[in-house]
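Here are a few notes to go with your first look at this structure. Have it open beside you as you read.

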Amino acid sequence: MGKRKRLMAERLKEAKKVTAIAKLNDVPTSPRKMRLVADTVRGVEVNRARDLLKFSKREASIRLEKLLRSAVANWEAKNPDQSKELDNGNVYVKTIMVDGGRQLKRIRPCPQGRAGRIRKRSNHVTVILDVKKPVENK
């Protein structure tokens, strides 16, 4: 392995030490409904995102809030010496992805003896937290 690849690998390892990831699989909500809630907290500071989810009326926000708390706990476990960053508001939701999960297919009777298909959708959510870099003034 070349020196350049080794440096890139080291840089990726360092980045993974700081960022925290939490995943939630097979949530019984359609991906479209979950994305509407996820878009409200993307790029937002963690404490503000918690408040947004807590006071949202959407059902998907309950599960997303729990996932965010899990991601914060993961971040605290990875960065025990940087607890002030969380209080200062420097930890933010870097990435939040909602992917389609499996579909349960059901059949419902329709007029004229037909059968209508019902798709009960689910989704997978991934949250990645990171620390804001201080801006340097020139």
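1. Across the whole structure, a search finds 4 salt bridges, each being a side-chain nitrogen of Lys or Arg within 4 Å of a carboxyl oxygen of Asp or Glu. Please keep in mind that this is a predicted model, where local features need pLDDT of at least 70, side-chain atom pairs count only at pLDDT 80 or more, and totals for chains, interfaces and linings use all residues. Residues are numbered from 1 along each chain as its sequence is written, and side-chain values use heavy atoms, with hydrogens and water left out.

2. One of the salt bridges joins Arg102 to Asp26, with the closest N and O atoms 3.3 Å apart. This pair links distant parts of the chain, 76 residues apart: Arg102 sits in the loop between β2 (91-100) and β3 (104-109), and Asp26 in strand β1 (residues 20-27). Strands are DSSP runs of E with at least two residues, and helices runs of H or I with at least four, numbered from the N terminus.

3. Is Arg102 buried or exposed? Arg102 counts as exposed because its relative accessibility is 56%, whereas Asp26, at 33%, is partly exposed. Buried means under 20% relative accessible area, exposed over 50%, and partly exposed in between (1.4 Å probe, protein chains only).

4. Another salt bridge brings together the side chains of Arg42 and Asp39 (2.5 Å, N to O). Arg42 is partly exposed at 40% relative accessibility, and Asp39 is partly exposed at 45%.

5. Now look at Ile128, in strand β5 (residues 123-131). Ile128 counts as buried because its relative accessibility is 18%. Ile128 and Thr19 are 109 residues apart in sequence, yet 6.7 Å apart in space, C-alpha to C-alpha.
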